[in-house]
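Subject: Structure for your attention

Dear colleague,

Please find the structure below, handed over for your study.

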Amino acid sequence: MSKDIYVFAEQRDGKLSKVSLELLGKARELADNLGQEVGAILLGLGIKEKAKTLIEHGADKVIVVDDPMLSEYMTEPFTKAVHAILTDKQPEIVLYGATSIGRDLAPRVSARLHTGLTADCTKLEIDDDSKLLLMTRPAFGGNIMATIVCQDFRPQMATVRPGVMTALERDSSRNGSVEEADVEFDASDMNIKIREILKSTKKAVDITEARYIVSGGRGVGVSGKFNLLRDLADALGGEVAASRACVDSGWMDKGCQVGQTGKTVRPELYMACGISGAIQHVAGMEEAELIIAINKNEAAPIFSIADLGVVGDLNNIIPKLTEAINKSKDQ
Amino acid sequence: MKIVVCAKQVPDTTEVRLDPKTNTLIREGVPSIINPDDKAGIEAALQLKETVPGCMVTVVCMGPPQADVALREALAMGCDDAILITDRAFGGSDTWATSSIIASALKKMDFDLIITGRQAIDGDTAQVGPQIAEHLGIPQVSYAEKIELEDDKLVVWRQFEDRCHIVEVAMPCLVTALAELAEPRFMSVGGIVDAYNTKEVKIWSYEDVKDTLDAANMGLKGSPTKVIKSFTKEAKGAGTLLKDLTDDEAVAAIMTKLQEKHII
Amino acid sequence: MVGFNLTKEQLLQQQLFRDFAEKEIKPIASQMDEEEKFSMELLDKLKRYGMMGIPYDKKYGGAGSDVLTYALCIEELSKIDGSTGVTVSVHTSLCCACINDFANEEQKEKYLRPLVDGRKVGCFGLTEPGAGTDASGQQSFARLVDDHYILNGQKVFTTNSGFADVFVIFALTDRSKGTRGISAFIIERDTPGLVVSKDIPRMGIRAASNAEVSLVDVKVPKANLIGSEGMGFKIAMTALAGGRIGIGAQAVGIAQGAINEAVKYVKERKQFGRRISQFQNTQFKLAELQTKVDAARIMVWRAAVAKDNHENYAPLAAMCKYFASEVANDVTRVCVQLLGGYGYSREYPLERMHRDAKITEIYEGTSEAMKMIISGAMKIN
């Protein structure tokens, strides 16, 4: 009989990924619903002491494999270890982060186990009648949502994007067990050789690729004020763009121009600051998922396409917003 | 050297719109395209073909009969052969069943390198590539942003969020391509003429793969996962306009919105 | 064509041209027009993808496709930029056609092959300062001396001459024979005495190269005479007949491009409390324009199919060019009007499309010349 909710606790360089803790939070909720326990799978080299953190964030038990074969992520050793653990523990549900690791590992494991896997879930819940895991996810480029079940195969597996679930508050009083699993590796498992590891370097800015854009128009006024937008963009992890008026005035580079004679962007967030919203500009950004506009003039046309419009002075609002965001990151 | 590229024909989901009156997807008039990650894979294969004498590139697609035009496009870009794996019995396949079917076809071919796209823009799962590799028992390198051939080994720049692994892998192996792996060439006019006149798209049905495919693994019946419900997201309602707020109230309102949308 | 539908192969070709124009031409069209300079990178890409030899046989290195596909190409390119359309059209229909239809095998191997397989670009020098619609008024002269000709003369409005590698030039070899005294020659760019001026400043298709070509004692080997002496006029007229299909397609493309831009704009622009697309005047105007463009397109297709089937296509080509060019001028004028002030502004492409449209009523035979051909075919006089 399959039992318990397991979470693949992803780590890099000995540091647990935020998504691992978020998934434990969700696993806790699902386990409590089913009256079962939460397990965490921790693979790496010299990572045993991280088990405690996992327990403090909701795990009842942590299965550790500490081995030189697992020092850097590689498909086969990790798949072999996870497969061995899942075959032994027979869980009901397994959750992975939908990261560049999770999306490489989970499908391979699911194929080795001959079970179902659902990717990028935004919602996970237990069905009241069938007790099956209901996995809801976007499809068709995000245009529709689908709810999926894995009825006849176990474990039911899902990957979840970082930032979707919520981690539990750390509870240092929580107790749990730590078990070291015995996985037999052999040299042939290392079927890929890592020659070099390159840590990330910043690439050239292309606003059409940015997820979040903070854009300024004539209302940003004198050139120096674009620094306020730059600070906000940095806080969000996004890029700065501008309307044609700002580019023509020499305040911003042509590569940042959004609109009829500039670029067309479709980011997840477009903050239009001091932009009136003439159709030549709107043509370049109306497909953004979330449009927030700040403008002193309540009749500005930008407000008719903004999801959230705020009538106010961007010179006051933007720095305060940046501060609030930075503060929330530190928590 | 033999390269097989797995490609999928998908609706251009960036062109799909929601009908505001019925809240359903408007699918008609949406062009069908070769999935962008797969197209990058085709380009990478063609670039390797240009540097390796005698290298052949076969493109394989599992889909309905109308996927023929996607294969013609791949042939027009320069691929040597094309195979369309199509059968009513394959309908409703999830990623397990799809990867099983495609793997069964690949088992009937010689290959040194299989390239798939990282993910399709309609399914968005990124699962089929790695699952095919598992069915075939070969190593996989996913999220490839660059590949190079070095003697008989493949060197791949494997992308992670915060780093890149430069790895070396022996062939046969499978690589999943990111769109940035290669900027796809256009078809050429002469290439399109060849695609329709001198090259052909072979059609394989269940009959052609039944010796390598367990029938229990295909179609809706063979899929461990099933969709029980699909629905459109809430239509984007009219926006909210907030006036007469203090600066702090304005910041709070924006923060709430950003949190709601998981941006912070 | 099958019935009135394109074949699957032609549809895929059309998709290629459409995607190429959107991706490679659209971002630079306005800049090319402002700078009055055709992009050499764009030219390289047109060559690389086989667009400079569409209807020519694979055995000479061409794409091996047909005239209808060529017309589809010119229309799609011209929807985005008329200058690109004429650059490809003059190279294909005028320069290459002379060599393909009338040259000997040696000349085809030496000159046609690199022109159609993507290595070289060609131009066609017929028009002179004193010889426009009356092409028979040629003054350029070619004197035979031993094994070569010495050419002297002046050509004007020679499209592509600013960067062409191969020139097909017409000149008199015998003044006493009128049109029967004109001959056609293939001349390479770096031949001493052949001088290309700066581009002539024009109202439209400003990115296209269009200059004066001077010939001062240009030595051309006898082997470069196309056909025989006196065949020149027939060669030129035959090439021009096919060229009109290209220009008809260019006009259709410019007109359709203007309609597409106008439709996009009127769906967004709000006046008097609603989108101007909701006013019946806007709807009716656009309906009228689209009807005319559809008619022009079918005429171009019919002429192209007739040429592919080796039928008497010349009057059909003249009709399609005459009709499509007038439609293009009418359509672009109305579309500028639909955009109002913004239609006149260089921020939107409409004013360029309107400026580009005018030339289609003039070059490769004016509308008046077309009417001469059409009434001639009707055997009226």
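The following paragraphs describe what was found. Please bear in mind throughout that this is a predicted model.

Let us begin with chain B taken by itself. Its secondary structure consists of seven helices and 15 strands. The C-alpha trace of chain B extends over about 70 × 40 × 40 Å along its principal axes. Chain B has 264 residues, and 49% of them are buried. If one takes the contacts in chain B between residues at least 6 apart in sequence, 71% of these contacts join residues at least 24 apart.

The next topic is the interface of chains A and B. Here, 65 residues of chain A are in contact with 65 residues of chain B. On the side of chain A that touches chain B, strand 13 (residues 192-199) of chain A gives the most, with eight residues. The residues on that side of chain A comprise 33 nonpolar, 17 polar and 15 charged ones.

Which strand of chain B pairs with strand 13 of chain A? The partner is strand 11 (residues 163-170) of chain B, and the two pair in the antiparallel sense over seven bridges.

The link between the chains is the pairing of strand 10 (residues 144-150) of chain A with strand 14 of chain B, which is antiparallel and has seven bridges. Within this pairing, T225(B) of strand 14 of chain B stands opposite C150(A).

Helices of the two chains also meet. Two packed helices are described by the angle between their axes and the distance between the axes. For helix 8 (residues 314-330) of chain A and helix 7 (residues 247-260) of chain B, the axes come within 9 Å and cross at roughly 50°. Helix 8 of chain A is therefore oblique to helix 7 of chain B. The crossing of these two helices is right-handed. Helix 8 of chain A contributes N316(A), I317(A), K320(A), L321(A) and A324(A) to the contact, while helix 7 of chain B contributes D247(B), D248(B), A250(B), V251(B), I254(B) and M255(B). By class, seven residues of this contact are nonpolar, one is polar and three are charged.

Finally, please turn to chain C. Strand 2 (residues 141-145) and strand 3 (residues 148-159) of chain C pair in the antiparallel sense over five bridges. They form a hairpin with two residues between the strands, where D146(C) takes a positive phi near 55°. Strand 3 of chain C is also joined to strand 7 (residues 210-221) of chain C, by nine bridges, and these two strands run antiparallel.

Yours sincerely,
A colleague

How values were computed. Residues numbered from 1 in each chain as written. Chains lettered and ligands numbered in written order. Predicted model: local features only at pLDDT ≥ 70, side-chain atom pairs only at ≥ 80, totals over all residues. Contact = placed C-beta atoms within 7 Å. Helix = DSSP H or I, 4+ residues; strand = E, 2+ residues; numbered from the N terminus. Nonpolar A, V, L, I, M, F, W, Y, C, P; charged D, E, K, R; others polar. Pairing = 2+ DSSP bridges. Axes fitted to C-alpha atoms, helices over the stretch in contact; angles between N-to-C directions. Parallel < 35°, antiparallel > 145°, perpendicular 65-115°, else oblique. Left-handed = near helix turned anticlockwise from the far one by under 90°. Buried ≥ 20, exposed ≤ 12 C-beta atoms within 10 Å, placed from the backbone.
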